Amino acid sequence: MQIANAQKAVDNWIKEHGVRYFNELTNMAQLTEEVGEVARIIARRYGEQSEKESDKDKDLGEELADVMFVVLCLANQTGVDLQEAFDRKLDIKTERDKDRHKNNEKLK
């Protein structure tokens, strides 16, 4: 799915099921909460912390999708075209970092 289609799908969902967008500050707080849930899974499943029994059934993909959903909400309500922004960012990173990682001894 193109990012623009994802933005439209979220907007349609909000209109059909969500009543309205939460305000930007509330969505920012939600985004922080969702990123925290992703961090918890990563820290315990892939990091050095032990995973609690109650966390073992947590779905990383679902939590990442929660992050994406809130990011798409924020983009929609602030008028950001994420497809355009992402394409532009990828071009910038490609130009800026085209040799940076290849020449990084730490990555060899």
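Does V19 count as buried or exposed, and at what relative accessibility? At 76% relative accessibility, V19 counts as exposed, where exposed means over 50% relative accessible area, buried under 20% and partly exposed in between, using a 1.4 Å probe and protein chains only. V19 sits in the loop between α1 and α2, and has a positive phi of about 70° although it is not a glycine.

A word on the ground rules. This is a predicted model, in which local features need pLDDT of at least 70 and side-chain atom pairs count only at pLDDT 80 or more, while totals for chains, interfaces and linings use all residues. Residues are numbered from 1 along each chain as its sequence is written, and side-chain values use heavy atoms, with hydrogens and water left out.

**The helices**

Helices here are DSSP runs of H or I with at least four residues, numbered from the N terminus. Two of them can be set side by side; the expected span is 1.5 Å times one less than the number of residues.

| Helix | Residues | Span between end C-alpha atoms | Expected span |
|---|---|---|---|
| α3 | 19 residues | 27 Å | 27 Å |

N27, L31, E34, V38, I41 and R44 are buried in α2. An α-helix has 3.6 residues a turn, so residues three or four places apart point the same way. The buried residues of α2 pack against α3.

Helix α3 covers residues 60-78. At its start, a side-chain oxygen of D59 reaches to within 2.8 Å of the backbone nitrogen of G61. Buried positions in α3 include L60, V67, L72 and C73, and the cover over the buried residues of α3 includes α1, α2 and α4. After α3 comes G79, with a positive phi near 75°.

A6 belongs to helix α1, residues 3-18. With a relative accessible area of 13%, A6 is buried. Leaving aside neighbours within four places in sequence, A6 is in contact (heavy atoms within 4.5 Å) with M1 and L72. A6 and L82 are 76 residues apart in sequence, yet 9.6 Å apart in space, C-alpha to C-alpha.

Q83 lies in helix α4 and counts as buried at 16% relative accessibility. Beyond its neighbours within four places in sequence, Q83 is in contact with Q2, I3, A4 and Q7.

**The largest pocket**

A pocket is an open set of points on a 1 Å grid over the protein atoms alone, where a 1.4 Å probe fits, with protein on both sides within 12 Å along at least five of seven lines; lining residues have an atom within 4 Å of a point. The largest pocket holds about 170 Å³ of space. Among its 13 lining residues, I14, F22, Q30, F69 and C73 are the closest to its centre. α1, α2 and α3 each supply at least two lining residues, and α3 gives the most, with four.

Definitions and conventions: Polar contact = N/O pair within 3.5 Å; in protein donor to acceptor, adjacent residues only side chain to side chain. Points joined across faces, edges and corners; volume = space filled by probe spheres on them.
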